[in-house]
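Please look over the sequence and the fold shown here.

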Amino acid sequence: MRNLFTPTFGRMPLILAGRDSLIDKLTNALVHADTDPNLSSIIVGARGTGKTVLLSYMAEKASSMGWIPVNVNCAEGMLEDILIQLLRAGREYLDKETQKELKGLSLGQLIGLEWEKNPSPQNWRSKITDILEQLAREDIGVLFTIDEVKPNTKEMIQFASIYQHFVRENRKVAVFMAGLPYQVTQLLADKDVSFLRRAQYHSLRRIPEGASANAMEQTIRHSGRRISNDALIRAVEEADGFPYMIQLIGYQIFAENPNADEITMQDVCAGVVTAKREMADHIYRVTYMELSDGDLRYLRAMLPDAKESATADIAARLNCTPGYASKYRQRLLEHGVIRTARRGYVAFDMPGFREFLKTVEE
């Protein structure tokens, strides 16, 4: 009985829960490749909301639909990586002159690609254009997926500038990007990427309880085990719709007694403790370190409230004007730590972060 839960960042879960609507939108964009606005999409969410998994899923989906997916991280060297991947994936459709870009292949433990020269920003566009034109003869499109989008990355800005020309030239291209909300916001503020501001913006929210329960139960069943109804309800409640937590809790409750036929309430109680500890190490602590002193003061001002906090009360506790407090409110919304509960109220959005903050502040 193998544990099929995947609490590893970017690893595809057995059941991709709660993203059906967004997947349909992105898939339809690939079907209607010349008109759909979702061909240029930005996916945002806090750590652990499944951004990388969704990009991986859509890359596989695109490949099955006759597109060539090119998957990179937003970092220096991404333009060269794109060119390498395109030449490799599209080799059978490219003419001999284009294939000469590859000077040779050396076989070993890894396949090494040896280049005559590295692509420069000046000729990158022409090289990619040449490949796109040759792929177009076979009606093959290219999907660029760019993960961990961040500002101040020179090659990301170069890509955005060049990509808009591909769109204007009616090339069969699409780009799906993903990143943390505040980093995407900073990127879009750059005047040189104004084209990206017209991309469709998709925020990854929590998974509904029904979808979370189905994902957990079906993953357990596929492993050859079962879970009691009460234990499943408790596990779903503790996961609180957070994709990474669903996988993490599922993995830990499975690991408590891996040879037993049924996962019990006792397994869930023990597994949740372990999962919360790992969540603190992998998600909460990294997020905490990224927050400013002002961000943390705002969050501390929310701690006296049981669930929702009135923004007016927060400003009063901080002894500042509502306008000044709203600056930190917006920053925390963009970090995915809090959410707007209703007009004039906010709440912690990252499950368990309130408890983590209390522990750190003690």
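## Helices and the parallel sheet

Helix α3 lies across β2 and β5, and its direction makes about 155 degrees with that of β2. Contact here means heavy atoms within 4.5 Å. Axes are lines fitted to C-alpha atoms, for helices over the stretch in contact, and angles run from 0 to 180 degrees between N-to-C directions. Helices (H or I, at least four residues) and strands (E, at least two) are DSSP runs, numbered from the N terminus.

This is a predicted model, in which local features need pLDDT of at least 70, side-chain atom pairs count only at pLDDT 80 or more, and totals for chains, interfaces and linings use all residues. Residues are numbered from 1 along each chain as its sequence is written, and side-chain values use heavy atoms, with hydrogens and water left out.

Strands β2 and β5 belong to an open sheet of five strands. Its order is β2-β5-β6-β1-β7, and the pairing is parallel. Two strands pair if DSSP finds at least two bridges between them. β2 (68–73) and β7 (200–203) are the edge strands, each with a single partner, so one side of each has no neighbour in the sheet. From one strand to the next, the twist averages 15 degrees.

Strand β1 (residues 40–44) pairs with β7 over four bridges, in the parallel sense.

How do helices α3 and α6 meet, and at roughly what angle do they cross? The axes of α3 (residues 78–89) and α6 (residues 154–168) come within 9 Å and cross at roughly 55 degrees. The two helices are therefore oblique to each other. Angles under 35 degrees count as roughly parallel, over 145 as roughly antiparallel, 65 to 115 as roughly perpendicular and the rest as oblique.

Met78, Leu79 and Ile82 of α3 make the contact with Glu155, Met156, Gln158 and Phe159 of α6. By class, that contact has five nonpolar, one polar and one charged residues. Ala, Val, Leu, Ile, Met, Phe, Trp, Tyr, Cys and Pro count as nonpolar, Asp, Glu, Lys and Arg as charged, and the others, Gly among them, as polar.

## The antiparallel sheet

Another open sheet has three strands in the order β10-β12-β11, with antiparallel pairing. Its edge strands are β10 (309–310) and β11 (338–342), and each pairs on one side only. The table lists some facing residues.

| Residue | Opposite residue in β12 |
|---|---|
| threonine 340 | valine 346 |
| arginine 342 | tyrosine 345 |

Two bridges join β10 to β12. Four bridges join β11 to β12 (residues 345–348). β11 and β12 also form a hairpin, with two residues between them. Glycine 344 in the turn has a positive phi of about 85 degrees. Helix α12 (residues 293–302) lies across β10, β11 and β12, at about 95 degrees to β12.

The structure holds one cavity of 30 Å³ or more. On a 1 Å grid over the protein atoms alone, a cavity is a set of points where a 1.4 Å probe fits but cannot get out; lining residues have an atom within 4 Å of a point. Grid points are joined across faces, edges and corners, and a volume is the space filled by probe spheres set on the points.

The largest cavity has a volume of about 30 Å³. Its lining is Ala46, Arg47, Leu180, Thr287, Glu290, His335 and Met350. By class, the lining has three nonpolar, two polar and two charged residues.

Conventions: On a 1 Å grid over the protein atoms alone, a cavity is a set of points where a 1.4 Å probe fits but cannot get out, and a pocket is an open set with protein on both sides within 12 Å along at least five of seven lines; lining residues have an atom within 4 Å of a point.
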